[in-house]
Amino acid sequence: MLNYIEKIKKKVNLEEGNKTIENILITIYLQEGISTKELAKINFLPLPVTAAVKKEFIKEKLVIQDRGTRLTPNGISFVENKLGFKNINKELYLKLLTDTQKEHKVINEIKEEIHKIFQGRPQVDVTLDQSKSSVDTSLKRAMLCLKNYDLIGKNILCLGDDDLVSVALGFLLKKLFPHTFYQDTKITVIDIDKRIIEYINDIAVKESLPIKCEYVDLKAPLSNKFKNRFDCFFTDPPYTLEGMNLFLSRGIEALKNHSNLNIYFSFAHKPPAYQLNIQKSFLTMKLVISTITPKFNTYEGAGIIGNIGQMIVLKTTDITNPLIKNAHNGFLYTGEFMKTVRFYKCRECGKITKIGNYEKIKNIESLKNTGCYKCNNKIFDLVQRKNITT
């Protein structure tokens with residue numbers, strides 16, 4: 001079948017890229033009879049540009065003007081077979097896209113289904129700046145992906161996934177394609193933590209999710225097999241500028257060479273001077289900020305960032321480039337820059353226990369699980385904290 005999207009992009013010379021043309025076609029598929037004015041509004045385009053794209057669709061016999069804008073049988077076939085919408089629960093998809101008043105019952109069903117999976121995640125490794133996101137947070141990220149037309153028929157990358165975003169995406173797909181194993185979405189997880197890889201792989205097999213996990217150390221140059229493959233990526237990197245720059249750089253290399261692709265970037269709330277440096281990095285990599293949502297992410301046991309984080313959706317441009325292409329040999333994680341030691345006092349017997357990244361017990365969660373070595377009590381009070389810059 002012809003690559004209609006690329007052909008029309010060249011004819012219209014649309015700066016917004018292939019994705020916008022796809023989105024217009026998908027919108028017509030979902031909302032038969034839609035007006036050109038509404039089509040432009042939904043896709044954030046000027047009316048003349050939308051009309052020009054629609055005209056090209058009509059020329060290619062993908063669209064007809066009949067009581068509004070509708071797809072031809074050829075157009076329907078293209079959306080279903082080439083863009084991945086065949087056998088989708090169209091009614092549910094539309095409701096999930098537009099239901100802003102309250103969460104759809106399907107979302108609550110997914111939360112119940114994945115609750116135990118999230119509870120069973122491996123213990124966080126604080127040396128890798130891991131912190132467990134809530135079930136709600138990971139599902140919110142998956143819904144954001146859906147609402148941006150980045151879920152159906154796409155190649156999605158998760159750069160590190162102790163938050164199990166891949167699992168939330170997979171369960172959402174199962175609801176949207178309930179009567180068939182057919183669906184074209186592919187989800188790839190690359191992580192340095194083999195426990196996470198094994199855990200997600202086991203879930204993917206058990207639940208028939210389209211997820212593939214691979215061990216990758218992002219400090220090494222990105223393998224060619226990952227380059228120019230993906231339509232979007234998620235990352236919740238180490239909360240350092242070095243970590244942010246490295247993860248974004250590797251993700252950019254992994255994206256297809258198109259403009260207007262989305263990057264779902266979760267990061268801690270930072271002071272203005274720090275945020276300025278973050279945004280300078282975005283500019284250096286020729287990325288643009290689409291949206292910033294404060295307090296989007298909630299975490300368990302991430303007191304260092306107040307247990308909350310922001311979601312920044314970035315978009316690629318025609319000149320987007322990674323900041324780092326070669327091997328990264330410097331520090332990356334928070335604990336490498338700042339050695340934090342905390343002293344906790346047992347409420348029962350008063351024994352003081354020292355915890356930190358370089359100590360035998362690395363965090364308060366581990367201490368609570370283990371209990372006081374003297375009396376097995378599991379309740380402690382923080383009595384002192386020391387930061388030692390390395």
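**View 1. Asn 87 sits in the loop between helix H5 (73–81) and helix H6 (90–98).** Helices here are DSSP runs of H or I with at least four residues, and strands are DSSP runs of E with at least two, numbered from the N terminus. Although Asn 87 is not a glycine, its phi is positive, about 70°. Its relative accessibility of 42% makes Asn 87 partly exposed (buried is under 20% relative accessible area, exposed is over 50%, and partly exposed is in between, with a 1.4 Å probe and protein chains only).

A word on the model: it is predicted, so local features need pLDDT of at least 70 and side-chain atom pairs count only at pLDDT 80 or more, while totals for chains, interfaces and linings use all residues. Residues are numbered from 1 along each chain as its sequence is written, and side-chain values use heavy atoms, leaving out hydrogens and water.

**View 2. Lys 61 lies in the loop between helix H4 (47–59) and strand E1 (63–65).** Here is another non-glycine residue with a positive phi, about 60° for Lys 61. Lys 61 is exposed, at a relative accessible area of 62%.

**View 3. An open sheet of eight strands runs in the order E3-E9-E10-E8-E7-E4-E5-E6, with mixed pairing.** The edges belong to strand E3 (132–133) and strand E6 (211–215); each has a single partner strand, so one side of each lacks a neighbour in the sheet. Two strands count as paired if DSSP finds at least two bridges between them.

**View 4. Strand E9 (residues 288–300) pairs with strand E10 (residues 308–315) in the antiparallel sense.** Seven bridges join E9 and E10. Look for Thr 298, which stands opposite Ile 308 in E10.
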